[in-house]
Amino acid sequence: MKTNRVRTLFISDVHLGCRYARVEPLLDLLNRHDPQYVYIVGDFIDGWRLRKRWHWEPIYNAILSRLFEMSEAGSKICYAPGNHDDFLRDFHFNFGFVEIADEFIHSSPQGRRFLVTHGDKFDQVETKAKWLSVIGSFAYDSLCWANQHVNHWLRYFKLRGLPLAAMVKKRVKAAVTFVSDFETNLVNHARQLNCQGVVCGHIHTPAMDQRGDVTYCNTGDWIENATALVEYEDGRLEIVDMQHEDTPVSIEDSSEFVLEQGEILRNMLVGSGRHATATV
Ligand SMILES: [Mn+2]
């Protein structure tokens, strides 16, 4: 397959370990691009779900293999953990080929500074009302479950799938206020760091717009959406939507190295005995 040379790929909220994660279009996206930089903007691995029940599909190894292949070919891979993969901060496990930090500063070809961070620290529910986020997570999982079944029937009648969770969020006033507070907090933080832009994830709502002197970009996610942020060689930014792409992806045998990384991860998560409930 011909790959497109791009400057940067930003992806977040894949939630590996969650059975609702849209991993095929993600692997397709990775296969189609040849980036100079890759930023994994948090919640790539869903440690909360994996701790409760280990669920690891062969395609997850294919995704890791593709990232490893990119790094071997010279891509720089940076990983800013989120609330679901914060164990990566504790364990200092870096898969042997990624650089891990809470925040990165990415420079555009024009020298514009972009803060890259997951964003959970700017989510008031996550930081101040954990109990609410636990209830929210139960509702969220139920919605994903319903979404899968509704879409199964829609497809049966040859209709396009509906993004249920995203639709509910757009209509609930509290959710709208929550999103706007989150965005404002992040934009303010970026401004304090002398950045002209911010790239985040966490709220599963892809966005790219100008907030005064700061460009706010949210890469979206791979549960409700299938979106990534791409920076082209000339610095142009675009949100790429893989939702309606259905190129079949082939999964080859993964290298020993990648399988080993999966094993280390499993030992870390299942061996640690901590429990938590999942949220976005
Ligand atoms: Mn998150």
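Leu67 lies in helix 3, residues 58–72; helices (H or I, at least four residues) and strands (E, at least two) are DSSP runs, numbered from the N terminus. The model is predicted, and local features need pLDDT of at least 70, side-chain atom pairs count only at pLDDT 80 or more, while totals for chains, interfaces and linings use all residues. Residues are numbered from 1 along each chain as its sequence is written.

Leu67 is buried because 23 other C-beta atoms lie within 10 Å; the cut-off for buried is 20 or more such atoms, with 12 or fewer for exposed and partly exposed in between, C-beta atoms being placed from the backbone. Leaving aside neighbours within four places in sequence, Leu67 is in contact with Val38 and Ile77, where contact means C-beta atoms, placed from the backbone, within 7 Å. Asn31 is 36 residues from Leu67 along the chain, and their C-alpha atoms are separated by 9.5 Å.

Strand 6 (residues 113–116) runs parallel to strand 7 (residues 197–200) over 3 bridges, and Val116 has Val199 in strand 7 as its bridge partner. Strand 8 pairs with strand 9 (residues 214–218) in the antiparallel sense over 5 bridges. Arg211 has Val214 in strand 9 as its bridge partner. Strands 8 and 9 form a hairpin with 2 residues between them, and Gly212 in the turn has a positive phi of about 65°.

Note on methods
Pairing = 2+ DSSP bridges. Contact = placed C-beta atoms within 7 Å.
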